[in-house]
Amino acid sequence: MKINPNYSVIIYTTEINKKMIEQIEQWIQSGIKVLLFTTDILEEYEEKTLWQKWRKQQFYYWFEIPFRAEYDNRTVYFIDGQITDLGLFEYLCKHSQQQGFYSFNSEQYRVEHAPPHHHLFVMAGSGTGKTTVMINRLLYLKHLNPTFLFSQVAMITFTNEAATVIRQKLHRRIRDYYELTMNRKYLDWIDELRNVEISTIHTFAKKLFERDGREIGFSKKIQIRGYQEERRFQIERMIDQFAHDHPEIYQQFETNRYYHLVQSIQSVIEQLDHQSLHETDIESIDFGYDDKGFGQLLKYVIVNGMRELQLIKEENDQWEVHDLIRKLHDLQQVEGFKPQVKLQYIMVDEFQDTDAVQVQFLLWLQKVIPYCRLFVVGDVKQSIYRFRGADYTAFTQLRKGLPDQPLTQIHLNKNYRSQSTLLEEMDSLFKNWGAKIEGFPYQSKDKLQAMNREGEGGIYEQDFSLNVVWKKVLSELEGKETAILVRSNALVQETIAKCEQMGFFCEGNTSGSFYRSLPVRELYLVIRFLLLPQSSSSLYALHRSSYGDDTLSHQELIHHFTPDRDYALSLLQKQPDYDYWQQILRMAKYTPPVILLEEIIKTRQPHQRYGERLWLRISRKRSEVDPPLLKKQCLYLLDQYQTRLSYLLYLLKKHFSDSIATLHGLERFLRIHMQTDTEEKDPKVPERVGNQTHIFRCMTVHQAKGQEFDHVVLPRTDSAFIVPEHPHIFVDLKGSTPSVAYQLKLDDQLLWNSIYSQLKQKERDELIAEETRLLYVAMTRARKSLFIQTPAIFKQKRPNSWADLLSWKGEKVIV
């Protein structure tokens, strides 16, 4: 019998011979994935260098299984996922699980080889290789059908970073095929990759509108921009107009701080934007009522202000990112619409963080594009973006929208990230949460099975409120890959300050933090000084920065204080760098600003000064620190400073490429971006040869999603879920019209509306479920060990912190 697999072959045999080995190696070298199951002994083969290499490249797996009489003297082939003997296949699955990291992953195999005409739902637990299986599924489809083109698939991701990672991994996997086979076909596939759509839902929608959006008013080239300033202007304008039209209501707010009133309204608008509500839905929102009439003010300002802003966007033909999702509703109303793109498959990553609008859009696309099939992968337990409109019931909604259509659902639970001891200890907590919290669906099939069984690890409780304990743990983990995870950006800054106070380097990762980084702020100080050279405060700030000599301390400045307004300037004139800055002021009269900044950077070497001062500060605080380790850490932070500064200069040149850069223009550009830009990401720091080191990284759990670390620290488990002083706003879409519930603090007065009173208990339960899922994500980032703040003794009816959740234990946690 001639066997011609296109993608993979499973072989079961009781006896290995030379001819079979030759056939296996021939298949592999032609790009066929081989999985060999045998009762024979493989000792003489499995140490072969080629076999080991192919297994690491995921082209070849072999499994020794126990003898079974009914399968004696048989050789069976399962070609390209066609299982012709289900009993044998299940036997092979059952008896090939004791080979650690290289055990047979039957669930991944089923995902890869599911029938091409089926919709595919993959429930992928943490660390189970969902990106790998997504790529393998695509390559299975490509190998199986030579006429299938990459342009016929859309891969939708949650972030731009995830899209980049998937594209890189797909490129690398096809390159592996080429290097193995030297078949030019795979070079053509690499070239064809430029046609595959791998993007966020917003980018996907933008391209769809550019191709097919004429009927709803979109141009061929859609421009995206922010409208922060215009939005604030409209809010202020509508507040003033409301005060004129309804003075009897507005008098209730005349004593409130105006900017606080504006911020509160902005907070509500942000929540509405996250829900992607259409203009017609916004017009009909129910804002309820409250004692002061704030709901009436909200409705007036939001409905009229957003209507005016919409007209400005249409006139400019420039849109905000969330408008792209909002406008999908209009496209779906176009009768007889047929998109130009001919997709056979739409693959969606992190589907648990999809909102209801996007679910309906996918269902609509699947209907208007003939024979289009959906592949969605995610984990309900990791749905942590409810505040952005994500709905953890997205899988259920999608399933209901595909009645009577072929659909396969598969769970992935083999974890390739965390050590077995750690997973076992986590499982006892997860089971308790699943039993008590409705929005955390954890059952026996969700238990993660460790494929990494080497080494020791576990959960360690520590009382981080004691500085001596905090310092001890950081000392033990210093130089190791460690992430400190917290719930908010404010806690990130608090934790960094605490680490640095004790003499430990800690790098903060917050979303869009580039324009608030030290190199940006310090270059801004340079520009401010050039504009205000007579300002002693500008000169002193520059003197204390990495551009200055920093010889005049705060204490000395206070010590020499006199009522004379120029006393500080007279002190600064005596400092060694004063003459240099006067020379720079003379150069500024005839030197273009960007060239002048480059000259200042070249001569002052701010990154070198920054690194040297770090070394001195830390070595003084911690005399016991290992000098080589301290040097590596200082060099890394020095390189990070330099990389950020170089990237900033690139951004300035790019922005002013079509216009003349002035100092006033540079100052305004930086000031606005420092205040408003939360999108710009940090550039990657190049590694020095021989200087691989790990600095503590502190970030929110949302930032850590999709990442993994050897060690994870959760220091602030006592942080409360609900703080009355913080705004609490949510949108209810379950009724016939949308409604907004709010609890806000206007100055010293706590204000809530009737909808909040009705729904606050239900919302609290949803919030607890969201926080439980957030804690699940935080814990499952760890590969080896997890250090947590000692849980409190839980006495409340409902948990209000991670510490409360962690006190719900099954088996005893290691201390």
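Reply: A residue is called buried under 20% relative accessible area, exposed over 50%, and partly exposed in between, with a 1.4 Å probe and protein chains only as cover. This is a predicted model, in which local features need pLDDT of at least 70 and side-chain atom pairs count only at pLDDT 80 or more, while totals for chains, interfaces and linings use all residues. Residues are numbered from 1 along each chain as its sequence is written, and side-chain values use heavy atoms, with hydrogens and water left out.

Me: What makes glutamate 350 and lysine 705 a salt bridge?

Reply: The term asks for a side-chain nitrogen of Lys or Arg within 4 Å of a carboxyl oxygen of Asp or Glu. Here the closest N and O atoms are 3.1 Å apart, so the pair qualifies. Lysine 705, with a relative accessible area of 16%, is buried. Glutamate 350 lies in the loop between strand S10 (345-348) and H17, and lysine 705 in the loop between helix H31 (701-704) and strand S19 (709-714), so the pair ties together parts that are 355 residues apart in sequence. Helices (H or I, at least four residues) and strands (E, at least two) are DSSP runs, numbered from the N terminus.

Me: How many salt bridges does the structure hold?

Reply: There are 49 salt bridges in the structure. One of them joins aspartate 718 to arginine 716, with the closest N and O atoms 2.9 Å apart.

Me: Where is glutamine 366 found, and what is glutamine 366 in contact with?

Reply: Glutamine 366 is found in helix H17 (residues 356-368), and at 7% relative accessibility this glutamine counts as buried. Contact means heavy atoms within 4.5 Å; leaving aside neighbours within four places in sequence, the contacts of glutamine 366 include His119, Arg373 and Leu402.

Me: How do you know that glutamate 766 has no salt bridge?

Reply: The nearest side chain of opposite charge, arginine 386, is 4.1 Å away from glutamate 766, whereas the salt-bridge limit is within 4 Å.

Methods: Lys and Arg count as positive and Asp and Glu as negative; His and the chain ends are not counted.
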